[in-house]
Amino acid sequence: MPKRQRHQQLARLIEENPFITDRELTRQLKVSIQTIRLDRMELGIPELRERLKLMAERSYDSVRSLPLHEVIGDIVDLELDKSGISVFEIREEHVFSRTGIARGHHVFAQANSLAVAVIDDEIALTVTADIRFIRPVKLGEKCIAKAYVRSISGERSKAKVELFTYVGDEMVFQGNFVIYRSAGDNGSGGGDGHADRD
């Protein structure tokens, strides 16, 4: 394939999926990883880690329901009460040492924290989670979780969040969460209400 055509395809693939790794690009374009890296440099396209940082720096809503450092994974897109995306790389500390397979609670933690983070409220807690692990996730893979708020009930203060986690184009986890939100509580939760009485 001529260099110009390869450059066009490379740019298109990254435009379509900014989470694509150099290794995935080598498979799709059938060239060496060094060629991919050189092509990216010539085109001024940063490596995946840098692309993720740039996406995270773009303006998006701020998480209200928990401190950002408590979210498992890096939030790269967030529209409160609508949708959110986070990326979580599986490292040594996340896997079983014998198999290199991620411990399920790490994959669930990414999904659960994003389902809570996407809620536009000071207090958001998981009520129920109907989850399905579709395939094991391995050391070095990047989990891309996508959450969608499907409905918000008014009086009962609950939101339904549907969540899908992918590695590349392959779904590896699916969850349906019911999230409690304090907005409809009418202030009956206690807390700082007593501080101003003196």
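In the hairpin formed by β1 and β2, three residues separate the two strands, and Asp81 adopts a positive phi near 60°. Asp81 lies in the loop between β1 and β2. The positive value, near 60°, occurs here in a residue other than glycine. Most residues other than glycine have a negative phi, and most peptide bonds are trans. Asp81 has a relative accessible area of 21% and is therefore classed as partly exposed, the limit for a buried residue being under 20%. These values, like the others reported here, are taken from a predicted model.

Strand β2, which spans residues 83-89, is mostly covered, with six of its seven residues buried.

A second hairpin is formed by β5 and β6, with two residues between the strands. In its turn, Gly168 has a positive phi of about 65°. The pairing of β5 with β6 (residues 170-181) is antiparallel and extends over ten bridges. Leu163 is placed opposite Gly175 in β6. Strand β5 covers residues 158-167, and seven of these ten residues are buried, so β5 is largely enclosed by the rest of the structure.

The secondary structure of the protein chain as a whole consists of five helices and six strands. Read from the N terminus, the order of the elements is α-α-α-α-β-β-α-β-β-β-β. Of the 198 residues in the protein chain, 41% are buried. Among contacts between residues at least 6 apart in sequence, 59% join residues that are at least 24 apart.

The average pLDDT of the protein chain is 86, and 86% of the residues score at least 70. Residues 186-198 have a pLDDT below 50, and this stretch makes zero contacts in the model beyond near neighbours in sequence.

In the helical part of the chain, helix α2 (residues 22-29) has Asp22, Glu24, Leu25, Thr26 and Leu29 as its buried residues. These residues pack against α1 (3-16) and α3 (33-43). On the α1 side, Leu13 is found in the helix and is classed as buried because its relative accessible area is 10%, below the 20% limit. Apart from its neighbours within four places in sequence, Leu13 is in contact with Ile20, Leu25, Gln28 and Leu29. Leu13 and Leu29 are 16 residues apart along the chain, and their C-alpha atoms are separated by 9.7 Å.

Helix α2 is followed by Lys30, which is found in the loop between α2 and α3. Lys30 has a positive phi near 55°, again in a residue other than glycine. The relative accessibility of Lys30 is 73%, so this residue counts as exposed, the threshold being over 50%.

The largest pocket has a volume of about 480 Å³. It is lined by 19 residues, of which Thr21, Asp22, Arg23, Leu48 and Lys142 are the closest to the pocket centre. The elements that contribute two or more residues to this lining are α2, α3, α4 (48-57) and β4 (142-152). Helix α2 gives the most, with four residues. By residue class, the lining of the largest pocket comprises eleven charged, five nonpolar and three polar residues.

Key. Residues are numbered from 1 along each chain as its sequence is written. This is a predicted model: local features need pLDDT of at least 70, side-chain atom pairs count only at pLDDT 80 or more; totals for chains, interfaces and linings use all residues. Side-chain values use heavy atoms; hydrogens and water are left out. pLDDT is the predictor's confidence in each residue, from 0 to 100. Contact means heavy atoms within 4.5 Å. Buried means under 20% relative accessible area, exposed over 50%, partly exposed in between (1.4 Å probe, protein chains only). Two strands pair if DSSP finds at least two bridges between them. On a 1 Å grid over the protein atoms alone, a cavity is a set of points where a 1.4 Å probe fits but cannot get out, and a pocket is an open set with protein on both sides within 12 Å along at least five of seven lines; lining residues have an atom within 4 Å of a point. Grid points are joined across faces, edges and corners, and a volume is the space filled by probe spheres set on the points. Ala, Val, Leu, Ile, Met, Phe, Trp, Tyr, Cys and Pro count as nonpolar, Asp, Glu, Lys and Arg as charged, and the others, Gly among them, as polar.
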